[in-house]
Amino acid sequence: MDLSQITLDVPTLKLSLAVVGGLLLLSMVRIVFLLRTNARLRESTAKMEQQVLNQHQALLSVRSDSNAWRGELQRMFDSFRAEFSKRLDESEQRYHDIQKRAEIISKPSKPAHLSASSMPPPFVVINTEEPEEKHVLPVPALNIS
């Protein structure tokens with residue numbers, strides 16, 4: 001279609017002006033609605049960014065608390081382990097001392113200064129009682145304060 005073929009009379013021009021004016025008016029209304037929507041989206045974006053910052057700060061705070069709690073538990077565990085290790089060493093030392101005493105008591109002692117002529121006639125004494133051993137006491141529980 002060529003521009004020379006269209007007749008430029010007044011009604012055709014009015015009709016084309018009305019169509020173009022209507023389209024312009026529709027586009028202006030659409031621009032106004034888009035501007036309002038854009039402003040709302042900017043506000044919601046700012047709110048979302050603030051919410052993300054708040055959540056990030058809360059997450060860092062929780063992580064910090066968690067690390068502090070974990071460190072405190074690790075220190076408590078290390079102190080309990082050291083305490084029980086010390087008690088175990090003490091208990092083992094007591095056990096070894098008792099075992100040495102029991103070995104010393106159970107060994108027969110032979111006096112070297114007595115001669116065979118000065119010894120009384122032999123008689124057999126059967127000791128059915130075993131030497132009384134001291135039992136190792138249990139380790140008392142720790143008081144957690």
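Let me start with a term: buried means under 20% relative accessible area, exposed means over 50%, and partly exposed is in between, using a 1.4 Å probe and protein chains only. By that rule Leu26 is exposed, because its relative accessible area is 57%.

Now the ground rules. This is a predicted model, where local features need pLDDT of at least 70, side-chain atom pairs count only at pLDDT 80 or more, and totals for chains, interfaces and linings use all residues. Residues are numbered from 1 along each chain as its sequence is written, and side-chain values use heavy atoms, with hydrogens and water left out.

The overall picture next. The protein chain has one helix and zero strands. Helices are DSSP runs of H or I with at least four residues, strands are runs of E with at least two, and both are numbered from the N terminus. Of the 145 residues in the protein chain, 2% are buried. The chain exposes about 14,100 Å², with 63% of that supplied by carbon and sulfur atoms. Accessible areas come from the Shrake-Rupley method with a 1.4 Å probe, and for residues only the protein chains shown count as cover.

Back to Leu26. Leu26 sits in helix H1, residues 10-106.

What does the record say here? An unreviewed UniProt entry places a "transmembrane region" at residues 15-35. UniProt positions follow the numbering used here, feature names are shortened, and annotations may be inferred rather than shown by experiment. In the model, residues 15-35 are 100% helix and 0% strand, with the end C-alpha atoms 30 Å apart.

Last topic, charges. How many salt bridges turn up in the whole structure? Two. A salt bridge needs a side-chain nitrogen of Lys or Arg within 4 Å of a carboxyl oxygen of Asp or Glu.

One joins Arg81 and Asp78, at 3.0 Å, N to O. Both lie in helix H1, three residues apart, about one turn of the helix. Arg81 is partly exposed at 48%, and Asp78 is partly exposed at 30%.

Another joins Arg87 and Glu83, also 3.0 Å, N to O. Why are they about one helical turn apart? Because they are four residues apart in helix H1. Arg87 is buried, at 16%, while Glu83 is partly exposed, at 24%.
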